[in-house]
Amino acid sequence: MLATRVFSLVGKRAISTSVCVRAHESVVKSEDFSLSAYVDRRDHPLPEVAHVKHLSASQKALKEKEKASWSSLSMDEKVELYRIKFKESFAEMNRGSNEWKTVVGGAMFFIGFTALIIMWQKRHVYGPLPQSFDKEWVAKQTKRMLDMKVNPIQGLASKWDYEKNEWKK
Amino acid sequence: IWTILPAIILILIALPSLRILYLTDEINDPSFTIKSIGHQWYWTYEYTDYGGLIFNSYMLPPLFLEPGDLRLLDVDNRVVLPVEAPVRMMITSQDVLHSWTVPSLGLKTDAIPGRLNQTTFTATRPGVYYGQCSEICGANHSFMPIVLELIPLKIFEMGPVFTL
């Protein structure tokens, strides 16, 4: 109570969103989000409030005209009435944007950056590959596995033609 | 009724299935038994049927490999067995859980400390079969492979030949 008196002394503008101040703190404070608001949404086609809150004189006159028969309204007047009620038409609110280009570009940039990091790692961080990855070693290893007839039914040795001494075609 | 009837049907399926599961373990009649003991991080094999042969099987370190050897798979002492003979493997562990695996022969048995597990097999083709420890057992879990060398019975009967 004391705080509100101080504020009304300091500034003329009351704390308008605090309903509790106006109602002398006997009502629970309502936040901004619980007050009716206007939204342009495909799944909420009729918002709780009109887009234009305070009508100008001409708009007020138009609203009066609206109370009569609608066939007397011109096209422009109908559009004007629509624009009083709604901010964007469905076509406008559903328009595509070029955001995807930014997203894809950003993703590709970071992928490229990761590739640079990996290249740097391979050069400066990792040790050498073990000896057993050398071509000659792998060749000797494969020869040994074929001599042992490793997995002769469906695996490695089944792919080698032992008569012709070459891989099966 | 929709609960009891399916339950009865499932029991009727399950009981013979369990019976068969345990029966498949029985038919083997092995010729001999080998014990395989898992340690951190090597295997010990004991051939104690006809005399005592006990040895350790360590992975060959990369520096000791000859060109053409399989890195991380070859060991210093292989488990030598005869072909066409039913073998019983008794597998256990000295310290932590290991698992004795030879995938090409369809073998995987956990080595559990304080417990003897048994697996039986009969290999039909001679050759060298590789496997790796299949239960996480510490730092060198990936470095304790198992190698079976299957040879003709005549050569097996000649007895162990140690090479340095």
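Tutor: Happy to. Let's begin with helix α7 of chain A, where W137(A), Q141(A), R144(A) and L146(A) are buried (under 20% relative accessible area with a 1.4 Å probe and protein chains only; exposed is over 50%, partly exposed in between). The model is predicted: local features need pLDDT of at least 70, side-chain atom pairs count only at pLDDT 80 or more, and totals for chains, interfaces and linings use all residues. Side-chain values use heavy atoms without hydrogens or water, residues are numbered from 1 along each chain as its sequence is written, and chains are lettered from A and ligands numbered from 1 in the order written.

Student: What covers the buried residues of α7(A)?

Tutor: The cover includes β1 (160–161) and β2 (166–167) of chain A, along with β9 (127–132) of chain B. Helices (H or I, at least four residues) and strands (E, at least two) are DSSP runs, numbered from the N terminus.

Student: And what should α7(A) span?

Tutor: Its 13 residues, 135–147, should span 18 Å at 1.5 Å a residue, and the end C-alpha atoms are 18 Å apart, which agrees. The expected span is 1.5 Å times one less than the number of residues. After α7(A) comes K149(A), with a positive phi near 55°.

Student: How many helices and strands are there in chain A?

Tutor: Chain A has seven helices and two strands, in the order α-α-α-α-α-α-α-β-β. Of its 169 residues, 14% count as buried.

Student: Where is confidence lowest in chain A?

Tutor: In helix α2 (residues 19–22), with a mean pLDDT of 51, while helix α6 (residues 99–124) is highest at 96. That score is the predictor's confidence in each residue, from 0 to 100. The mean for chain A is 84, and 85% of its residues reach 70 or more. Over residues 10–16 of chain A, pLDDT stays under 50. Where pLDDT is low, the predicted coordinates should not be read in detail.

Student: Switching to chain B: is H141(B) buried or exposed?

Tutor: H141(B) is buried, because its relative accessible area is 16%. It sits in the loop between β9 and β10 (145–151) of chain B. Leaving out residues up to four places away in sequence, H141(B) touches W41(B), C133(B), S134(B), E135(B) and I136(B), a contact being heavy atoms within 4.5 Å.

Student: And I13(B), buried or exposed?

Tutor: I13(B) is exposed, at 52% relative accessible area, and lies in helix α1 (residues 4–23) of chain B.
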